[in-house]
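Me: I am new to this structure. Please show it, and then let me ask what the labels rest on.

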Amino acid sequence: MSDQDASRPDETPRDETPTTRLRKELPQEVSAAAPRAERAEESGKPSVTGRQRLVQGLWPPRVSRAQLIVALLLFGLGFGLAVQVASNSDSGNALRGARQEDLVRILDELDDRSQRLDDEKQGLEKQRQELENSSDQAEEARKQTVEKEKQLGILAGTVAAQGPGITMTVEDTKGTVEADMLLDAIQELRAAGAEAIQVNGVRVVADTYLTESGKSVSVDGNKINAPYRFKVIGKPQDLEPALNIPGGVVQTLEKEQATVAVERSAKIVVDALRAAEQPDYARSSSR
């Protein structure tokens with residue numbers, strides 16, 4: 001071998017293949033997970049899973065002002081509905097435990113009140129039609145004004161009245177009838193449609209009050225003694241049953257050992273009057 005041949009150090013040895021030489025020249029392989037691990041180590045924070053990101057997005061909740069207002073309104077509506085349902089349930093339970101005659105009486109009273117409202121509505125419509133169709137509307141209006149004044153006078157007790165009704169007499173020999181029992185009778189009669197009431201010569205009006213006066217009773221400051229005589233104008237078919245309902249006025253008075261007699265009449269005269277009172281402060285306001 002010549003010296004020229006020996007001076008070639010870069011010549012590939014015979015035992016090395018081209019593939020082995022190429023691997024030596026390429027950089028060392030790096031796994032794909034290595035950069036991720038390096039970034040996690042550099043940041044110093046643990047990796048967050050998908051479930052943790054979901055929890056972080058849901059809590060704490062981020063509620064806007066509009067969403068809060070809507071939630072409060074829905075809560076109030078639900079609370080109101082719950083109260084209404086509970087109230088209706090209580091009323092239904094009370095009626096469910098009532099006796100058959102009590103239910104019939106309640107239905108009759110509701111029908112009577114509905115009928116009275118319908119009659120009043122028809123009367124007002126008739127007045128309106130008369131005013132619209134009358135050739136002399138001023139005269140018709142004057143007549144209706146006079147009629148309305150009489151009706152108001154009857155309610156105020158300044159005008160005598162007569163008509164069908166009942167007479168109730170309460171005999172109290174034991175002296176056990178109290179003022180509140182007579183007041184309950186007046187309230188029951190009013191609820192049944194009484195239009196004029198007189199008790200022992202004293203006219204009963206909207207502001208009438210009853211008090212105890214020793215062993216007797218005072219009506220608007222006027223002392224009255226037993227027997228207590230009620231003269232009531234109204235529909236007898238409504239007034240008498242209202243007094244005789246189970247647990248009503250008549251039974252309550254009889255439990256106090258009083259004797260009660262109720263009589264229907266085609267003509268009842270209520271002639272006890274009250275002086276017209278002039279209000280101290282209220283004045284008519286017309287616009």
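This is a predicted model: local features need pLDDT of at least 70, side-chain atom pairs count only at pLDDT 80 or more; totals for chains, interfaces and linings use all residues.

**Labels and their grounds**

Me: What makes a nonpolar core, and which residues have the most contacts inside the largest one?

Reply: A nonpolar core is a set of buried Ala, Val, Leu, Ile, Met, Phe, Trp, Tyr and Cys residues joined through side-chain atoms within 4.5 Å. The largest has 31 residues, and Val170, Leu189, Ile197 and Phe230 have the most contacts inside it. Its largest share, six residues, comes from helix 8 (179–191). Helices (H or I, at least four residues) and strands (E, at least two) are DSSP runs, numbered from the N terminus.

Me: Why is aspartate 220 called buried?

Reply: Buried means under 20% relative accessible area, exposed over 50%, partly exposed in between (1.4 Å probe, protein chains only). Asp220 has 15% relative accessibility, so the residue counts as buried.

Me: Why is arginine 274 given another label?

Reply: Arg274 has a relative accessible area of 22%, so this residue is partly exposed.

Me: How do you know that aspartate 220 and arginine 274 form a salt bridge?

Reply: The rule asks for a side-chain nitrogen of Lys or Arg within 4 Å of a carboxyl oxygen of Asp or Glu. For Asp220 and Arg274 the closest N and O atoms are 2.5 Å apart. The pair ties together parts that are 54 residues apart in sequence, because Asp220 lies in the loop between strand 5 and strand 6 and Arg274 in the segment after strand 8.

Me: How many salt bridges does this rule give?

Reply: Two. Arg264 and Glu240 also meet in a salt bridge, at 2.3 Å from N to O.

Me: Why do strand 3 and strand 8 stand at the edges?

Reply: Two strands pair if DSSP finds at least two bridges between them. Five strands form an open antiparallel sheet in the order 3-2-7-1-8. Strand 3 and strand 8 each have a single partner strand, so one side of each lacks a neighbour in the sheet.

Technical notes: Residues are numbered from 1 along each chain as its sequence is written. Side-chain values use heavy atoms; hydrogens and water are left out.
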